[in-house]
Amino acid sequence: MTARSETTRLRPGRAIVLVGLMGAGKSAVGRRLARRLDLPFIDADAEIEAAAGTTIEELFALHGEDAFRAGERRVIARLLDGEPHVLATGGGAFMDAETRSLVKSRGISIWLNADLDTLVERVSRRNNRPLLKNGDARRILSDLMAVRNPFYAEADIAVTSADRPLGEMTDRVADALRDWMAAHPDRARRPAPVMAAGAAARVRVPLAERSYDILIGDGLRRRFAAEIAPVLARPRAIVVTDENVAAHYLAPLMADLAAAGVRADSVVLPPGEETKSFAHLERLTARCLDLGLERRDTLIALGGGVIGDLAGFAAAVLLRGVACIQLPTTLLAQVDSSVGGKTAIDMPGGKNLVGAFHQPSLVLIDPETLDTLDRRQRLAGYAETVKYGLIRDRAFFEWLEANGRAVVDGGGEGGNGARVRAIETACAAKADVVARDERESGERALLNLGHTFAHALETATGYSDRLLHGEAVAIGMCMAFDLSAALGWTGGQEATRVRAHLDSVGLPTAPAAVEGLGLTPTAAIGLMRRDKKVTDGRIAFVMVRGIGEAFVTAAVEESDLESYLSKVLG
(Lines give C-alpha, C1' and ligand atoms only; values in the text may rest on other atoms or scores of the structure.)
Protein backbone atom coordinates (compact mmCIF):
# COMPACT_ATOMS: atom_id res chain seq x y z
CA MET A 1 0.00 0.00 0.00
CA THR A 2 1.41 3.44 -0.92
CA ALA A 3 1.82 6.23 1.63
CA ARG A 4 -0.88 8.18 -0.21
CA SER A 5 -3.40 5.36 -0.08
CA GLU A 6 -2.59 4.76 3.60
CA THR A 7 -3.26 8.44 4.34
CA THR A 8 -6.57 8.33 2.47
CA ARG A 9 -7.64 5.17 4.28
CA LEU A 10 -6.89 6.70 7.68
CA ARG A 11 -8.41 10.13 7.09
CA PRO A 12 -11.98 10.46 8.43
CA GLY A 13 -14.68 12.83 7.20
CA ARG A 14 -14.95 14.68 10.51
CA ALA A 15 -12.67 16.34 13.06
CA ILE A 16 -10.33 14.27 15.23
CA VAL A 17 -10.52 15.80 18.70
CA LEU A 18 -7.72 15.12 21.19
CA VAL A 19 -8.74 15.38 24.85
CA GLY A 20 -6.89 14.90 28.11
CA LEU A 21 -5.12 16.73 30.90
CA MET A 22 -2.45 19.36 30.40
CA GLY A 23 0.82 17.63 29.59
CA ALA A 24 -0.84 14.63 27.94
CA GLY A 25 0.77 15.55 24.60
CA LYS A 26 -2.31 16.71 22.71
CA SER A 27 -0.56 19.47 20.77
CA ALA A 28 2.66 17.59 20.05
CA VAL A 29 0.95 14.37 18.98
CA GLY A 30 -1.79 16.30 17.20
CA ARG A 31 0.64 18.13 14.93
CA ARG A 32 2.34 14.90 13.88
CA LEU A 33 -0.96 13.09 13.39
CA ALA A 34 -2.26 15.96 11.23
CA ARG A 35 0.82 15.78 8.99
CA ARG A 36 0.41 12.03 8.64
CA LEU A 37 -3.26 12.39 7.65
CA ASP A 38 -2.66 15.45 5.47
CA LEU A 39 -5.15 17.43 7.57
CA PRO A 40 -4.92 20.89 9.15
CA PHE A 41 -3.91 21.02 12.82
CA ILE A 42 -5.77 23.45 15.08
CA ASP A 43 -4.99 24.28 18.69
CA ALA A 44 -8.22 25.37 20.39
CA ASP A 45 -6.36 27.53 22.91
CA ALA A 46 -4.59 29.37 20.10
CA GLU A 47 -7.94 29.98 18.39
CA ILE A 48 -9.39 31.35 21.62
CA GLU A 49 -6.41 33.67 22.10
CA ALA A 50 -6.72 34.92 18.53
CA ALA A 51 -10.45 35.61 18.97
CA ALA A 52 -9.95 37.40 22.30
CA GLY A 53 -6.76 39.24 21.37
CA THR A 54 -5.06 38.15 24.60
CA THR A 55 -3.52 35.09 26.27
CA ILE A 56 -5.29 32.24 28.04
CA GLU A 57 -3.57 33.28 31.26
CA GLU A 58 -4.90 36.85 30.93
CA LEU A 59 -8.39 35.57 30.08
CA PHE A 60 -8.44 33.55 33.28
CA ALA A 61 -7.20 36.52 35.30
CA LEU A 62 -9.61 39.02 33.76
CA HIS A 63 -12.78 36.96 33.36
CA GLY A 64 -12.44 33.83 35.47
CA GLU A 65 -12.79 30.20 34.42
CA ASP A 66 -16.55 30.23 33.77
CA ALA A 67 -16.31 32.99 31.16
CA PHE A 68 -13.28 31.31 29.59
CA ARG A 69 -15.13 28.00 29.27
CA ALA A 70 -18.07 29.75 27.58
CA GLY A 71 -15.71 31.22 24.98
CA GLU A 72 -13.96 27.88 24.58
CA ARG A 73 -17.29 26.17 23.97
CA ARG A 74 -18.20 28.70 21.27
CA VAL A 75 -14.86 28.33 19.48
CA ILE A 76 -14.97 24.53 19.51
CA ALA A 77 -18.55 24.54 18.18
CA ARG A 78 -17.45 26.69 15.25
CA LEU A 79 -14.44 24.49 14.52
CA LEU A 80 -16.48 21.28 14.56
CA ASP A 81 -18.77 22.74 11.90
CA GLY A 82 -15.78 23.21 9.57
CA GLU A 83 -13.74 20.90 7.37
CA PRO A 84 -12.05 17.80 8.84
CA HIS A 85 -8.97 18.59 10.94
CA VAL A 86 -7.03 17.49 14.01
CA LEU A 87 -8.07 19.57 17.03
CA ALA A 88 -6.16 19.75 20.31
CA THR A 89 -8.45 20.94 23.11
CA GLY A 90 -7.71 22.45 26.48
CA GLY A 91 -7.72 20.15 29.47
CA GLY A 92 -11.08 21.35 30.77
CA ALA A 93 -12.95 21.49 27.46
CA PHE A 94 -14.32 17.93 27.57
CA MET A 95 -15.69 18.57 31.06
CA ASP A 96 -18.36 20.85 29.61
CA ALA A 97 -21.48 18.81 28.87
CA GLU A 98 -22.44 20.86 25.78
CA THR A 99 -18.94 20.64 24.33
CA ARG A 100 -18.77 16.91 25.07
CA SER A 101 -22.08 16.37 23.29
CA LEU A 102 -20.91 18.37 20.28
CA VAL A 103 -17.68 16.39 20.03
CA LYS A 104 -19.57 13.09 20.26
CA SER A 105 -21.96 14.06 17.48
CA ARG A 106 -19.56 15.97 15.20
CA GLY A 107 -16.09 14.52 15.78
CA ILE A 108 -13.99 11.51 16.78
CA SER A 109 -12.59 11.95 20.29
CA ILE A 110 -9.27 10.48 21.39
CA TRP A 111 -8.21 10.55 25.05
CA LEU A 112 -4.46 10.72 25.60
CA ASN A 113 -4.22 9.17 29.05
CA ALA A 114 -0.93 9.86 30.83
CA ASP A 115 0.05 8.79 34.34
CA LEU A 116 0.71 11.33 37.09
CA ASP A 117 4.52 11.14 36.97
CA THR A 118 4.54 11.75 33.22
CA LEU A 119 2.18 14.73 33.55
CA VAL A 120 4.17 16.34 36.35
CA GLU A 121 7.42 15.97 34.43
CA ARG A 122 5.94 17.48 31.26
CA VAL A 123 4.15 20.47 32.82
CA SER A 124 7.27 21.42 34.76
CA ARG A 125 8.82 22.46 31.44
CA ARG A 126 6.34 25.35 31.02
CA ASN A 127 5.12 28.11 33.35
CA ASN A 128 1.98 29.31 31.54
CA ARG A 129 -0.59 26.91 33.01
CA PRO A 130 -3.23 29.09 34.78
CA LEU A 131 -4.53 26.24 36.93
CA LEU A 132 -1.01 25.52 38.26
CA LYS A 133 -0.11 29.09 39.19
CA ASN A 134 -0.94 28.86 42.88
CA GLY A 135 -0.11 25.47 44.25
CA ASP A 136 1.78 22.21 44.05
CA ALA A 137 1.61 20.77 40.53
CA ARG A 138 1.53 17.11 41.66
CA ARG A 139 -1.33 17.67 44.08
CA ILE A 140 -3.34 19.79 41.61
CA LEU A 141 -2.85 17.29 38.78
CA SER A 142 -3.81 14.39 41.04
CA ASP A 143 -7.01 16.18 42.02
CA LEU A 144 -7.77 17.00 38.36
CA MET A 145 -7.24 13.36 37.35
CA ALA A 146 -9.75 12.20 39.96
CA VAL A 147 -12.37 14.65 38.71
CA ARG A 148 -11.73 14.66 34.96
CA ASN A 149 -10.66 11.14 34.01
CA PRO A 150 -14.21 9.73 34.30
CA PHE A 151 -15.30 12.29 31.68
CA TYR A 152 -12.28 11.65 29.44
CA ALA A 153 -13.21 7.96 29.58
CA GLU A 154 -16.32 8.81 27.53
CA ALA A 155 -14.07 9.51 24.52
CA ASP A 156 -14.37 7.23 21.49
CA ILE A 157 -10.74 6.08 21.73
CA ALA A 158 -8.29 5.91 24.64
CA VAL A 159 -4.53 5.74 24.10
CA THR A 160 -1.94 5.61 26.88
CA SER A 161 0.36 8.61 26.59
CA ALA A 162 3.61 7.25 27.94
CA ASP A 163 7.01 8.93 28.05
CA ARG A 164 7.92 7.58 24.61
CA PRO A 165 9.28 9.21 21.41
CA LEU A 166 6.65 11.33 19.62
CA GLY A 167 6.84 9.19 16.51
CA GLU A 168 5.96 6.09 18.48
CA MET A 169 3.09 7.87 20.24
CA THR A 170 1.75 9.06 16.91
CA ASP A 171 1.91 5.49 15.59
CA ARG A 172 -0.15 4.30 18.57
CA VAL A 173 -2.81 6.95 18.00
CA ALA A 174 -2.94 6.29 14.24
CA ASP A 175 -3.31 2.53 14.82
CA ALA A 176 -6.09 3.06 17.35
CA LEU A 177 -7.86 5.46 14.98
CA ARG A 178 -7.62 2.97 12.10
CA ASP A 179 -9.11 0.18 14.20
CA TRP A 180 -11.92 2.38 15.47
CA MET A 181 -12.83 3.60 11.96
CA ALA A 182 -12.98 0.03 10.71
CA ALA A 183 -15.38 -0.85 13.52
CA HIS A 184 -17.48 2.35 13.17
CA PRO A 185 -17.59 3.26 9.47
CA ASP A 186 -20.78 5.32 9.81
CA ARG A 187 -19.33 7.45 12.61
CA ALA A 188 -16.20 8.14 10.57
CA ARG A 189 -18.12 9.78 7.74
CA ARG A 190 -18.72 13.51 7.50
CA PRO A 191 -21.67 14.50 9.74
CA ALA A 192 -24.75 16.04 8.17
CA PRO A 193 -25.04 19.77 8.82
CA VAL A 194 -27.41 20.24 11.73
CA MET A 195 -28.27 22.92 14.22
CA ALA A 196 -29.46 21.89 17.65
CA ALA A 197 -32.77 23.24 18.88
CA GLY A 198 -32.18 26.63 20.40
CA ALA A 199 -28.67 26.86 18.96
CA ALA A 200 -27.48 29.89 17.09
CA ALA A 201 -26.68 29.89 13.39
CA ARG A 202 -23.11 31.03 12.84
CA VAL A 203 -21.58 33.00 9.97
CA ARG A 204 -17.84 33.70 9.90
CA VAL A 205 -16.42 36.90 8.40
CA PRO A 206 -12.91 35.78 7.36
CA LEU A 207 -10.51 38.72 7.59
CA ALA A 208 -7.31 37.07 8.86
CA GLU A 209 -6.50 38.31 12.36
CA ARG A 210 -9.62 40.54 12.31
CA SER A 211 -12.04 37.69 11.57
CA TYR A 212 -15.20 37.54 13.63
CA ASP A 213 -18.41 35.58 14.10
CA ILE A 214 -22.03 36.53 13.50
CA LEU A 215 -24.39 34.51 15.70
CA ILE A 216 -28.10 34.41 14.85
CA GLY A 217 -30.78 32.80 16.99
CA ASP A 218 -34.13 33.38 18.69
CA GLY A 219 -33.62 34.29 22.34
CA LEU A 220 -29.90 34.90 21.83
CA ARG A 221 -30.20 38.22 23.72
CA ARG A 222 -30.42 36.21 26.93
CA ARG A 223 -26.89 34.96 26.20
CA PHE A 224 -25.43 38.22 24.92
CA ALA A 225 -23.28 38.75 28.02
CA ALA A 226 -21.99 35.17 28.02
CA GLU A 227 -20.96 35.52 24.37
CA ILE A 228 -19.47 38.98 24.85
CA ALA A 229 -17.34 38.43 27.96
CA PRO A 230 -14.80 36.00 26.41
CA VAL A 231 -13.94 38.30 23.48
CA LEU A 232 -13.26 41.42 25.57
CA ALA A 233 -9.63 42.45 25.97
CA ARG A 234 -10.53 43.42 29.53
CA PRO A 235 -13.87 43.24 31.39
CA ARG A 236 -14.87 46.85 30.71
CA ALA A 237 -17.45 48.09 28.21
CA ILE A 238 -19.68 51.03 27.37
CA VAL A 239 -23.10 50.21 25.91
CA VAL A 240 -24.39 52.74 23.37
CA THR A 241 -28.11 52.67 22.62
CA ASP A 242 -31.11 54.90 21.98
CA GLU A 243 -34.10 55.74 24.14
CA ASN A 244 -36.48 53.34 22.38
CA VAL A 245 -34.18 50.32 22.51
CA ALA A 246 -33.08 51.09 26.07
CA ALA A 247 -36.65 50.73 27.28
CA HIS A 248 -36.72 47.12 26.09
CA TYR A 249 -33.23 45.71 26.39
CA LEU A 250 -30.72 47.91 28.24
CA ALA A 251 -31.46 46.94 31.86
CA PRO A 252 -31.34 43.14 31.24
CA LEU A 253 -28.11 43.49 29.26
CA MET A 254 -26.42 45.60 31.95
CA ALA A 255 -27.46 43.10 34.64
CA ASP A 256 -26.18 40.16 32.59
CA LEU A 257 -22.87 41.90 31.90
CA ALA A 258 -22.41 42.56 35.61
CA ALA A 259 -23.17 38.91 36.38
CA ALA A 260 -20.53 37.91 33.81
CA GLY A 261 -17.95 40.06 35.57
CA VAL A 262 -17.98 42.91 33.04
CA ARG A 263 -18.01 46.47 34.40
CA ALA A 264 -20.26 48.41 32.05
CA ASP A 265 -21.66 51.91 31.67
CA SER A 266 -24.24 53.10 29.17
CA VAL A 267 -24.84 56.12 26.95
CA VAL A 268 -28.44 56.61 25.79
CA LEU A 269 -29.04 58.81 22.73
CA PRO A 270 -32.18 60.07 20.95
CA PRO A 271 -33.65 57.75 18.32
CA GLY A 272 -33.78 58.57 14.61
CA GLU A 273 -31.54 59.30 11.65
CA GLU A 274 -30.89 62.81 12.94
CA THR A 275 -28.68 61.28 15.65
CA LYS A 276 -26.10 60.30 12.99
CA SER A 277 -24.50 63.74 13.22
CA PHE A 278 -21.31 65.48 14.33
CA ALA A 279 -23.17 66.90 17.30
CA HIS A 280 -24.13 63.47 18.64
CA LEU A 281 -20.73 62.01 17.74
CA GLU A 282 -19.14 64.71 19.87
CA ARG A 283 -21.62 64.05 22.68
CA LEU A 284 -20.94 60.31 22.57
CA THR A 285 -17.15 60.50 22.41
CA ALA A 286 -17.00 63.13 25.16
CA ARG A 287 -19.16 60.98 27.41
CA CYS A 288 -17.03 57.90 26.76
CA LEU A 289 -13.89 59.82 27.72
CA ASP A 290 -15.60 61.17 30.84
CA LEU A 291 -16.36 57.57 31.80
CA GLY A 292 -12.64 56.78 31.67
CA LEU A 293 -12.55 54.82 28.40
CA GLU A 294 -9.23 53.05 27.84
CA ARG A 295 -7.77 51.51 24.68
CA ARG A 296 -8.51 47.93 25.76
CA ASP A 297 -12.16 48.75 26.49
CA THR A 298 -15.03 47.95 24.13
CA LEU A 299 -18.04 49.88 22.83
CA ILE A 300 -21.19 47.78 22.50
CA ALA A 301 -23.72 49.08 19.95
CA LEU A 302 -27.23 48.04 21.03
CA GLY A 303 -29.75 49.25 18.48
CA GLY A 304 -30.51 49.75 14.82
CA GLY A 305 -28.42 51.09 11.96
CA VAL A 306 -28.12 54.60 13.37
CA ILE A 307 -26.66 53.43 16.68
CA GLY A 308 -24.48 50.83 14.97
CA ASP A 309 -23.02 53.39 12.56
CA LEU A 310 -22.51 56.06 15.21
CA ALA A 311 -21.04 53.78 17.88
CA GLY A 312 -18.87 52.04 15.29
CA PHE A 313 -17.49 55.37 14.08
CA ALA A 314 -16.89 56.50 17.65
CA ALA A 315 -14.99 53.25 18.30
CA ALA A 316 -12.89 53.88 15.20
CA VAL A 317 -11.77 57.34 16.31
CA LEU A 318 -11.72 57.18 20.12
CA LEU A 319 -8.13 56.79 21.35
CA ARG A 320 -7.29 56.03 17.68
CA GLY A 321 -9.37 52.89 17.77
CA VAL A 322 -11.09 50.70 20.36
CA ALA A 323 -13.01 47.46 19.90
CA CYS A 324 -16.69 47.43 18.99
CA ILE A 325 -19.38 44.74 19.29
CA GLN A 326 -22.64 45.01 17.35
CA LEU A 327 -26.00 43.94 18.82
CA PRO A 328 -28.41 44.94 16.03
CA THR A 329 -32.10 45.14 16.96
CA THR A 330 -33.67 46.10 13.60
CA LEU A 331 -33.92 43.96 10.48
CA LEU A 332 -32.01 46.55 8.46
CA ALA A 333 -29.09 46.44 10.88
CA GLN A 334 -29.24 42.65 11.23
CA VAL A 335 -28.99 41.93 7.50
CA ASP A 336 -26.73 44.78 6.49
CA SER A 337 -25.28 47.65 8.50
CA SER A 338 -23.95 45.68 11.50
CA VAL A 339 -21.75 43.49 9.27
CA GLY A 340 -18.72 44.60 7.29
CA GLY A 341 -17.28 47.47 9.30
CA LYS A 342 -18.73 50.48 7.47
CA THR A 343 -19.34 53.27 10.00
CA ALA A 344 -20.35 56.87 9.34
CA ILE A 345 -22.36 59.96 10.14
CA ASP A 346 -24.45 62.09 7.80
CA MET A 347 -23.67 65.57 6.57
CA PRO A 348 -26.11 68.27 5.36
CA GLY A 349 -24.92 67.60 1.82
CA GLY A 350 -25.21 63.84 1.85
CA LYS A 351 -25.56 60.57 3.72
CA ASN A 352 -22.62 58.69 5.28
CA LEU A 353 -20.05 61.16 3.94
CA VAL A 354 -17.83 61.13 7.06
CA GLY A 355 -16.86 57.76 8.45
CA ALA A 356 -14.35 54.92 8.66
CA PHE A 357 -13.98 51.21 8.04
CA HIS A 358 -13.86 49.60 11.49
CA GLN A 359 -14.75 45.91 11.79
CA PRO A 360 -16.60 44.70 14.88
CA SER A 361 -15.13 41.88 16.95
CA LEU A 362 -18.50 40.11 17.25
CA VAL A 363 -22.08 40.47 15.96
CA LEU A 364 -24.97 38.94 17.93
CA ILE A 365 -28.44 38.85 16.35
CA ASP A 366 -31.69 37.89 18.06
CA PRO A 367 -34.57 37.98 15.53
CA GLU A 368 -37.04 38.17 18.43
CA THR A 369 -36.07 41.83 18.88
CA LEU A 370 -37.99 42.52 15.66
CA ASP A 371 -41.23 41.83 17.50
CA THR A 372 -40.94 45.18 19.32
CA LEU A 373 -40.76 47.12 16.03
CA ASP A 374 -43.71 48.41 14.05
CA ARG A 375 -44.30 46.94 10.61
CA ARG A 376 -42.93 49.99 8.83
CA GLN A 377 -39.53 49.51 10.50
CA ARG A 378 -39.51 45.80 9.65
CA LEU A 379 -40.39 46.58 6.04
CA ALA A 380 -37.50 49.03 5.84
CA GLY A 381 -35.14 46.22 6.81
CA TYR A 382 -36.80 43.83 4.40
CA ALA A 383 -35.80 46.04 1.47
CA GLU A 384 -32.14 45.50 2.34
CA THR A 385 -32.83 41.76 2.62
CA VAL A 386 -34.30 41.62 -0.89
CA LYS A 387 -31.22 43.45 -2.15
CA TYR A 388 -29.04 40.35 -1.72
CA GLY A 389 -31.31 38.33 -4.00
CA LEU A 390 -31.33 41.06 -6.63
CA ILE A 391 -27.55 41.45 -6.64
CA ARG A 392 -26.46 37.88 -7.33
CA ASP A 393 -28.81 35.26 -5.82
CA ARG A 394 -31.91 34.83 -7.93
CA ALA A 395 -32.87 31.69 -6.00
CA PHE A 396 -32.94 33.70 -2.76
CA PHE A 397 -35.19 36.31 -4.39
CA GLU A 398 -37.54 33.56 -5.54
CA TRP A 399 -37.60 32.15 -2.00
CA LEU A 400 -38.42 35.63 -0.68
CA GLU A 401 -41.30 35.91 -3.15
CA ALA A 402 -42.84 32.90 -1.38
CA ASN A 403 -41.74 33.73 2.18
CA GLY A 404 -41.42 37.52 2.32
CA ARG A 405 -44.44 38.09 4.52
CA ALA A 406 -43.16 35.53 7.04
CA VAL A 407 -39.82 37.39 7.17
CA VAL A 408 -41.55 40.72 7.75
CA ASP A 409 -44.31 39.57 10.09
CA GLY A 410 -42.85 36.44 11.68
CA GLY A 411 -44.04 32.87 11.41
CA GLY A 412 -43.38 30.30 8.72
CA GLU A 413 -40.79 27.49 8.68
CA GLY A 414 -41.57 26.38 12.21
CA GLY A 415 -42.08 29.70 14.00
CA ASN A 416 -39.42 32.30 13.34
CA GLY A 417 -37.48 30.11 10.93
CA ALA A 418 -38.08 32.30 7.88
CA ARG A 419 -36.50 35.28 9.61
CA VAL A 420 -33.50 33.28 10.78
CA ARG A 421 -32.97 31.84 7.31
CA ALA A 422 -33.27 35.23 5.62
CA ILE A 423 -30.89 36.93 8.07
CA GLU A 424 -28.36 34.10 7.86
CA THR A 425 -28.46 34.11 4.04
CA ALA A 426 -28.01 37.88 3.88
CA CYS A 427 -25.17 37.87 6.41
CA ALA A 428 -23.39 35.03 4.62
CA ALA A 429 -23.67 36.88 1.31
CA LYS A 430 -22.28 40.08 2.80
CA ALA A 431 -19.50 38.25 4.66
CA ASP A 432 -18.44 36.64 1.39
CA VAL A 433 -18.25 40.00 -0.39
CA VAL A 434 -16.50 41.76 2.50
CA ALA A 435 -13.87 39.02 2.70
CA ARG A 436 -12.90 39.69 -0.91
CA ASP A 437 -13.30 43.49 -0.96
CA GLU A 438 -13.29 44.92 2.54
CA ARG A 439 -12.83 48.58 1.57
CA GLU A 440 -15.13 48.70 -1.44
CA SER A 441 -12.50 48.97 -4.15
CA GLY A 442 -14.53 46.72 -6.45
CA GLU A 443 -17.11 44.00 -5.80
CA ARG A 444 -18.42 45.41 -2.51
CA ALA A 445 -19.89 48.36 -4.41
CA LEU A 446 -22.59 45.92 -5.60
CA LEU A 447 -24.08 46.11 -2.11
CA ASN A 448 -25.09 49.68 -2.98
CA LEU A 449 -27.80 48.58 -5.41
CA GLY A 450 -30.41 51.35 -5.39
CA HIS A 451 -28.44 53.44 -2.89
CA THR A 452 -27.32 56.22 -5.23
CA PHE A 453 -30.97 57.07 -5.86
CA ALA A 454 -31.93 56.33 -2.25
CA HIS A 455 -29.35 58.66 -0.70
CA ALA A 456 -30.49 61.51 -2.94
CA LEU A 457 -34.09 60.94 -1.83
CA GLU A 458 -33.09 60.79 1.85
CA THR A 459 -31.06 63.98 1.59
CA ALA A 460 -33.97 65.74 -0.09
CA THR A 461 -36.26 64.75 2.81
CA GLY A 462 -33.76 65.84 5.46
CA TYR A 463 -33.13 62.32 6.83
CA SER A 464 -36.50 62.53 8.54
CA ASP A 465 -39.22 60.00 9.28
CA ARG A 466 -40.91 61.04 6.03
CA LEU A 467 -38.70 58.46 4.34
CA LEU A 468 -36.88 55.67 6.15
CA HIS A 469 -33.60 54.42 4.72
CA GLY A 470 -35.02 51.04 3.74
CA GLU A 471 -37.99 52.68 2.05
CA ALA A 472 -35.60 54.84 0.06
CA VAL A 473 -33.61 51.71 -0.90
CA ALA A 474 -36.79 49.97 -2.10
CA ILE A 475 -37.58 52.93 -4.34
CA GLY A 476 -33.94 53.15 -5.43
CA MET A 477 -33.77 49.48 -6.42
CA CYS A 478 -36.88 49.85 -8.55
CA MET A 479 -35.32 52.92 -10.17
CA ALA A 480 -32.12 50.98 -10.86
CA PHE A 481 -34.11 48.22 -12.60
CA ASP A 482 -36.19 50.78 -14.52
CA LEU A 483 -33.14 52.70 -15.72
CA SER A 484 -31.36 49.45 -16.63
CA ALA A 485 -34.40 48.48 -18.72
CA ALA A 486 -34.53 51.93 -20.33
CA LEU A 487 -30.87 51.60 -21.32
CA GLY A 488 -31.41 48.10 -22.72
CA TRP A 489 -29.40 46.20 -20.11
CA THR A 490 -32.36 44.16 -18.85
CA GLY A 491 -35.91 43.40 -19.84
CA GLY A 492 -38.85 45.36 -18.55
CA GLN A 493 -40.42 42.19 -17.16
CA GLU A 494 -37.62 41.93 -14.58
CA ALA A 495 -38.30 45.44 -13.33
CA THR A 496 -42.02 44.66 -13.19
CA ARG A 497 -41.39 41.50 -11.18
CA VAL A 498 -39.24 43.31 -8.61
CA ARG A 499 -41.78 46.12 -8.20
CA ALA A 500 -44.62 43.60 -7.86
CA HIS A 501 -42.89 41.80 -5.01
CA LEU A 502 -41.98 44.96 -3.09
CA ASP A 503 -45.53 46.24 -3.62
CA SER A 504 -46.96 42.97 -2.34
CA VAL A 505 -45.35 43.31 1.09
CA GLY A 506 -46.15 47.02 1.38
CA LEU A 507 -42.95 48.85 0.42
CA PRO A 508 -42.95 52.06 -1.67
CA THR A 509 -41.61 51.55 -5.18
CA ALA A 510 -41.58 55.03 -6.80
CA PRO A 511 -40.58 58.57 -5.80
CA ALA A 512 -44.24 59.58 -6.09
CA ALA A 513 -44.85 57.62 -2.87
CA VAL A 514 -42.86 60.24 -0.92
CA GLU A 515 -45.30 62.97 0.04
CA GLY A 516 -44.17 66.47 -0.86
CA LEU A 517 -40.81 65.35 -2.24
CA GLY A 518 -40.39 68.36 -4.53
CA LEU A 519 -37.16 67.06 -6.07
CA THR A 520 -36.28 68.16 -9.60
CA PRO A 521 -34.08 66.09 -11.96
CA THR A 522 -31.37 68.75 -11.81
CA ALA A 523 -31.39 68.81 -8.02
CA ALA A 524 -31.39 65.01 -7.85
CA ILE A 525 -28.35 64.78 -10.12
CA GLY A 526 -26.62 67.40 -7.99
CA LEU A 527 -27.18 65.29 -4.88
CA MET A 528 -25.97 62.16 -6.66
CA ARG A 529 -22.74 63.94 -7.55
CA ARG A 530 -21.95 64.12 -3.83
CA ASP A 531 -22.19 60.33 -3.58
CA LYS A 532 -19.10 58.51 -2.30
CA LYS A 533 -19.00 56.37 -5.45
CA VAL A 534 -18.40 59.30 -7.82
CA THR A 535 -15.19 58.63 -9.77
CA ASP A 536 -13.42 61.25 -11.90
CA GLY A 537 -16.56 63.34 -11.81
CA ARG A 538 -18.81 60.57 -13.12
CA ILE A 539 -21.61 59.05 -11.06
CA ALA A 540 -21.20 55.29 -10.58
CA PHE A 541 -24.42 53.25 -10.54
CA VAL A 542 -25.18 49.65 -9.68
CA MET A 543 -27.18 48.48 -12.68
CA VAL A 544 -28.61 45.06 -13.56
CA ARG A 545 -28.80 42.62 -16.44
CA GLY A 546 -31.54 40.77 -14.61
CA ILE A 547 -32.50 39.56 -11.14
CA GLY A 548 -29.32 38.28 -9.52
CA GLU A 549 -27.07 39.92 -12.13
CA ALA A 550 -25.91 43.31 -10.84
CA PHE A 551 -22.87 45.22 -12.05
CA VAL A 552 -21.20 48.58 -11.40
CA THR A 553 -20.84 51.13 -14.18
CA ALA A 554 -20.05 54.78 -14.70
CA ALA A 555 -21.27 54.56 -18.31
CA VAL A 556 -24.69 56.12 -17.67
CA GLU A 557 -24.78 59.32 -19.69
CA GLU A 558 -26.13 62.34 -17.84
CA SER A 559 -28.57 63.04 -20.65
CA ASP A 560 -30.07 59.53 -20.28
CA LEU A 561 -30.22 59.95 -16.50
CA GLU A 562 -31.92 63.34 -16.76
CA SER A 563 -34.43 61.98 -19.28
CA TYR A 564 -35.32 59.10 -16.96
CA LEU A 565 -35.57 61.32 -13.86
CA SER A 566 -37.84 63.73 -15.72
CA LYS A 567 -40.33 60.91 -16.16
CA VAL A 568 -40.29 59.62 -12.58
CA LEU A 569 -39.88 62.91 -10.69
CA GLY A 570 -42.28 64.90 -12.82
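**A core residue and its surroundings**

Guide: Leaving out residues up to four places away in sequence, Leu 565 touches Phe 453, Met 479, Pro 521, Ala 524, Ile 525, Met 528 and Gly 570, a contact being heavy atoms within 4.5 Å. The model is predicted, so that local features need pLDDT of at least 70 and side-chain atom pairs count only at pLDDT 80 or more, whereas totals for chains, interfaces and linings use all residues. Residues are numbered from 1 along each chain as its sequence is written, and side-chain values use heavy atoms, with hydrogens and water left out.

Leu 565 belongs to the largest nonpolar core, which has 80 residues; such a core is a set of buried Ala, Val, Leu, Ile, Met, Phe, Trp, Tyr and Cys residues joined through side-chain atoms within 4.5 Å. Ile 214, Phe 453, Leu 561 and Leu 565 are the residues with the most contacts inside this core. Its largest share, 10 residues, is supplied by helix α19 (residues 469-486); helices (H or I, at least four residues) and strands (E, at least two) are DSSP runs numbered from the N terminus. Another core, of 53 residues, lies apart from it and includes Val 75, Ile 108, Trp 111 and Leu 119.

Ala 524, a contact of Leu 565, also touches Leu 519. Leu 519 lies in the loop between α20 (492-505) and α21 (521-528), and is buried at a relative accessible area of 10% (buried is under 20%, exposed over 50%, partly exposed in between, with a 1.4 Å probe and protein chains only). Beyond its neighbours within four places in sequence, Leu 519 is in contact with Leu 457, Ala 460, Ala 524, Leu 527 and Leu 569. Gly 570, also touched by Leu 565, is 51 residues from Leu 519 in sequence, yet their C-alpha atoms are 8.8 Å apart.

Elsewhere, an open sheet of 7 strands has mixed pairing and the order β6-β7-β14-β11-β10-β8-β9; two strands pair if DSSP finds at least two bridges between them. β6 (201-205) and β9 (263-269) each have a single partner strand, so one side of each is left without a neighbour in the sheet. With direction ignored, neighbouring strands of this sheet are turned by 15° against each other on average.

Within this sheet, β10 (residues 298-303) is largely enclosed by the rest of the structure, because 6 of its 6 residues are buried. Thr 298, Ile 300 and Leu 302 point one way from β10, and Leu 299, Ala 301 and Gly 303 the other way. In a regular strand, side chains alternate between the two faces of the sheet. β10 pairs in the parallel sense with β8 over 5 bridges and with β11 (residues 323-328) over 6 bridges. Ile 300 is the bridge partner of Val 239 and is itself partnered in β11 by Ile 325, while Leu 302 has Leu 327 as its partner there. Together, β10, helix α13 (residues 305-317) and β11 form a right-handed β-α-β unit: with the strands pointing away from the viewer, the path from the first strand over the helix to the second runs clockwise.

Helix α11 (residues 243-259) lies across β8 (236-242), β9, β10 and β11, running at about 160° to β8; axes are lines fitted to C-alpha atoms, for helices over the stretch in contact, and angles run from 0 to 180 degrees between N-to-C directions. Helix α12 (residues 278-290) also packs on the sheet, where it touches β8, β9 and β10 and makes about 160° with the direction of β9.
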